[in-house]
Amino acid sequence: MPKRFFDPILILFVFSLAILVCAVFLFPNITNAFTDKDNAFSYLEEQMSFGPRTPGSEAHEKFLNWVTQKLSAQGWDVDLQKGNYKGHEITNVIASRQNLAADPDAAWIMLGAHYDSRLSADADSVSANQTQPVPGANDGASGVAILLELAERLPKESDKNIWLVFFDGEDQGNIVGWDEWCIGSKMMAQYLEKQDRRPDKVVVIDMVGDKDLQIFREKNSDKALTDEIWSTAEKEGLSNIFQDKEKYSIYDDHIPFLQIGIPAVDLIDFDYPAWHTLADDIQNVSSDSLAAVEQVLYAWLTKK
Ligand SMILES: [Zn+2]
């Protein structure tokens, strides 16, 4: 037998490799340690490079091309749901992998985030700024970045049907010619209401990039679904971010789904001084915050 077979370094290497392979197979959550927070943040930066993704803008169009390409490249089926609201074209982006689930009765989970930026920074203290669009680093880009990171990291084979939905027209309420909030999610709920089968659970993420991230239980959200997510956060050691108490009652993209009887939850940190101002820009969001929320959702989706 050649001498090299007894090389202790080689044996140690093979032994270590075997342990690592076993660990990854036996404890798939160990791969969660590999969350690439900078990757999620790069998705936020790319959106910001387009400029505010206000309805009808070139940046909005660029976003749609970019997100469609990214999701397709990551192996997701992409459908555009188009509609019209008071003359404005509304486009929701749906990424799905339901064809991969062997079981037609498998749980159907929809995760959603709005991608549009608000046309008017009407909460800005400088009146000249109030006619400008909101940059939307936190209010829009943060939720989208997390969905894209999940799109990349979620295992291709899943025991669930997962939809990642990017809603249009969430953030234009109380603006002349718009009036209403959550147009894209209402359009999606109207479609689902007519279907025999609907998602079992809907999780909406919005404004989850604040540097001082604290997500309180949202009062309109489904209680059992909120419990599930908060319990996952506790197991992941993130109870400092997922605060175990109620604070706000928010009208967000989860409401249209609750109204048609689907359990839905809104994950949002509404304590954000830059909300609807020009300061909702990249300097006021954090890659650590994106990574924490992504970690909880990944664990919730993949652990039994
Ligand atoms: Zn907003």
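**Group meeting: a sheet and the helices around it**

Let's start at one hairpin. Strands β1 and β2 run antiparallel, and nine bridges join them. This is a predicted model, so keep that in mind throughout. In this pair, Y85 stands opposite H88 in β2. Two residues sit between the strands of the hairpin. K86 has a positive phi there, near 50°.

Now step back to the whole chain. The protein chain has 304 residues, and 40% of them count as buried. It holds eight helices and eight strands. What about contacts along the chain? Take those with a separation of 6 or more: 78% of them are between residues 24 or more positions apart.

Back to the strands. What is the strand order in the open sheet? The answer is β1-β2-β4-β3-β5-β8. That makes six strands, and the pairing is mixed. Which strands stand at the edges? They are β1, residues 77–85, and β8, residues 264–268. Each has a single partner strand, so one side of each is left without a neighbour in the sheet. From one strand to the next, the twist averages 20°.

Let's walk across the sheet. Next, β2 pairs with β4: four bridges, antiparallel. Look for I94 here; its bridge partner in β4 is V165. Strand β5, residues 201–206, is joined to β8 by five bridges. β5 and β8 run parallel.

On to the helices. Helix α4 covers residues 137–153. Which strands does α4 lie across? It lies across β2 (88–96), β3 (108–114), β4 (161–167) and β5. Relative to β3, α4 runs at about 145°.

Helix α4 also meets helix α8. Their axes come within 10 Å and cross at roughly 50°. That angle makes α4 oblique to α8. The crossing of α4 past α8 is right-handed. Who makes the contact? From α4, we have S142, A145, I146, E149, L150 and R153. From α8, the partners are L290, V293, E294, L297 and Y298. By class, this contact has seven nonpolar residues, one polar and three charged.

Helix α8, residues 287–302, has a further meeting, with helix α6, residues 223–235. Here the axes come within 9 Å. How do they cross? At roughly 110°. α6 and α8 are therefore roughly perpendicular to each other. α6 passes α8 in a right-handed crossing. On the α6 side, the residues are E228, I229, T232 and A233. They meet V296, A299 and W300 in α8. The classes in this contact are five nonpolar, one polar and one charged.

So, what to look for on screen? Find the β1–β2 hairpin, with K86 at its positive phi. Follow the open sheet from β1 through to β8. Then put α4 across β2, β3, β4 and β5. Last, find α8, where α4 passes in a right-handed crossing. Helix α6 passes α8 in a right-handed crossing too.

Methods: Residues numbered from 1 in each chain as written. Predicted model: local features only at pLDDT ≥ 70, side-chain atom pairs only at ≥ 80, totals over all residues. Buried ≥ 20, exposed ≤ 12 C-beta atoms within 10 Å, placed from the backbone. Contact = placed C-beta atoms within 7 Å. Pairing = 2+ DSSP bridges. Axes fitted to C-alpha atoms, helices over the stretch in contact; angles between N-to-C directions. Parallel < 35°, antiparallel > 145°, perpendicular 65-115°, else oblique. Left-handed = near helix turned anticlockwise from the far one by under 90°. Nonpolar A, V, L, I, M, F, W, Y, C, P; charged D, E, K, R; others polar.
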